[in-house]
Amino acid sequence: MRSSSSGPPKLSSARASMITKVCHIAVADLWGGAEVHLVTLLLSLSKIQDLEMSVVLFTEGRVAQELRAAGLEVVVIAEHEHNLFVILWKLVKHFRKHQFMVVHAHKPKDNFLGGVACRLAGVPYLVRTLHGSWEPFSGFQHFKIKVYEHIDRLANKYLVSAIIAVTLKIQSLLTQGYSREKVVCIHNGIDVERLMLSRGRRSVRKELNINERALLLGVVGRLTAVKGHIHLLKAMQILVSKNSGTHLIIVGDGPLRKQLEDIVVEFKIQKNVVFVGHQSDVSDFIEAMDIFVLPSLHEGIPMVLLEAMALSRPVVASKTGGVPEVVDDGENGLLVEPGNPEAIAEAIESLIRQVGKEGQLGRNGRVRVSQNFTASTMAKKTANLYRRLVGSRFANSAAQA
């Protein structure tokens, strides 16, 4: 177990008695939407005076680095070094030592282990954020996911005090299996002010050998089936057949990269498509795009979609999951049916035909995010949920006295 913290200033006993100690727990083995959400949420929660935040991660990596750099206490119980029973015991000892009032989990593994550890350590409340629906798989992977899903549902039913759904659609589905009081919707949010650009549009395009005046589309996300890259490539085949100057950059990496690269060759669009792999400076690449495309088959509320809109990029996005809760079709972006390459191509062509439409959608998108999907709003609603849980405990104790 490793820890790192710059340490908050010591509080008076009176002030300390008003503090709610919260520990977030996460696997953090990737740098995807859930991990970006976690870091964004914690950075904003750490600014709220009546909360004391700390984190337990199962993987040393970018999440730990980002949080330490912001001065948060981070403890890593490396899952590649310990079996589940050792991890559980270390969690119990950590929870008992710090006497947390709330533990907040983000994925099935940390939800189950955190829930059991809370019961053994006497932590009153476990909160679970459900970031999206389960991704479809086949074969053994499908069986494994179904087992995880069943365990997660048992944890949610018997160990979790409150479930945060990141979309109204997920909230509606959850209330079919859990009480309405247990489920709350808190939309994802981003810190618009932290979207720092280290390189300009011209610099990125020069690096990619793409003309500054060329139409550049872009997508950001892990290269997995659920992200729908294949449908965007089919749309690109249509677009390139009409305008050979259309380009696409694919930001991200994943198990389907080789397959997608082969498809690009098969479609004879290799001169128009650039795979740039995983990038830490995603904002720079989004800024270089003319149109941001989200072809996903399933989504919660993608952090990268909020980022693209905050950067005033016009978006063409699949009408799936929580996306329609962010994008008003025709007002701050365009929505298309998921898995429909022709619809993607037509939406992009419609933006090209309507001079000035791109800019208007982009400006409206930035306003939409700035007013409704900010990190501070997300953090305030989450803090209010913690307060409601802790307050109900004190109210029940007073009533029994």
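1. Let's start with a residue tucked inside. His229 has a relative accessible area of 3%, so it counts as buried, the cut-off being under 20%. This is a predicted model, so please read everything below with that in mind. His229 sits in helix 9, which covers residues 229-242. Which residues touch it, apart from its neighbours within four places in sequence? His229 is in contact with Val219, Gly221, Arg222, Leu223, Thr224, Ile250, Leu260 and Pro295.

2. How many residues of helix 12 (residues 303-310) are buried? For helix 12, the count is 8 of 8, which makes it mostly covered. The buried residues are Met303, Val304, Leu305, Leu306, Glu307, Ala308, Met309 and Ala310. Notice that Glu307 is on that list. What do these buried residues pack against? On the helix side, their partners are helix 2 (33-45), helix 11 (282-288) and helix 14 (357-372). Among the strands, they pack against strand 9 (215-220), strand 12 (291-294) and strand 13 (315-318). Just after helix 12 ends, have a look at Ser312, where phi is positive, at about 65 degrees.

3. Gln99 has a positive phi, near 50 degrees, and it is a residue other than glycine. You'll find Gln99 in the loop between helix 4 (84-98) and strand 5 (102-105). Is Gln99 buried or exposed? Its relative accessibility is 63%, so Gln99 counts as exposed. Lys268 is another residue other than glycine with a positive phi, in this case near 60 degrees. Lys268 belongs to the loop between helix 10 (257-266) and strand 11 (273-277). With 70% relative accessibility, Lys268 counts as exposed.

4. On to the aromatic rings. The structure holds 1 aromatic pair. Why is the pair called edge-to-face? The ring centres of Phe95 and Phe100 are 6.0 Å apart and the ring planes meet at 85 degrees, so the pair is edge-to-face. Both Phe95 and Phe100 are buried.

5. Phe112, Val147, Tyr148 and Ile151 make up a nonpolar patch on the surface, and together they have about 320 Å² of accessible area. Which helix gives the most to this patch? That would be helix 6 (residues 139-158), with 3 residues. Tyr148 lies in helix 6. Tyr148 has 41% relative accessibility, so it counts as partly exposed.

6. Next, the charges. The structure holds 19 salt bridges. Why is the pair of Arg199 and Asp281 worth a look? Arg199 lies in the loop between strand 8 and helix 8, while Asp281 lies in the loop between strand 11 and helix 11, so the pair ties together parts that are 82 residues apart in sequence. Arg199, Glu207, Asp281 and Asp284 are linked in a network of salt bridges.

7. Arg257 and Glu261 form it, and their closest N and O atoms are 2.9 Å apart. How do the two sit along helix 10? Arg257 and Glu261 are 4 residues apart in this helix, so about one helical turn separates them. The general rule is that an α-helix has 3.6 residues a turn, so residues three or four places apart point the same way. Arg257 has a relative accessible area of 23%, so it is partly exposed. Glu261 has 27% relative accessibility, so it counts as partly exposed as well.

8. Last, a residue out in a loop. Where is Glu193? Glu193 is in the loop between strand 8 (183-185) and helix 8 (201-208). Its relative accessible area is 66%, so Glu193 is exposed. Compare the position of Glu193 with that of Ser161: they are 32 residues apart in sequence, and 33 Å separates them in space, C-alpha to C-alpha.

Notes:
Residues are numbered from 1 along each chain as its sequence is written. This is a predicted model: local features need pLDDT of at least 70, side-chain atom pairs count only at pLDDT 80 or more; totals for chains, interfaces and linings use all residues. Side-chain values use heavy atoms; hydrogens and water are left out. Buried means under 20% relative accessible area, exposed over 50%, partly exposed in between (1.4 Å probe, protein chains only). Contact means heavy atoms within 4.5 Å. Patches are made of residues with over 30% relative accessible area and no salt bridge: like charges are joined within 9 Å, nonpolar side chains (Val, Leu, Ile, Met, Phe, Trp, Tyr) within 5 Å. Accessible areas come from the Shrake-Rupley method with a 1.4 Å probe; for residues, only the protein chains shown count as cover. A salt bridge is a side-chain nitrogen of Lys or Arg within 4 Å of a carboxyl oxygen of Asp or Glu. Rings of Phe, Tyr and Trp (its six-membered ring) pair if their centres lie within 6.5 Å; planes under 30 degrees apart count as stacked, over 60 as edge-to-face and the rest as tilted.
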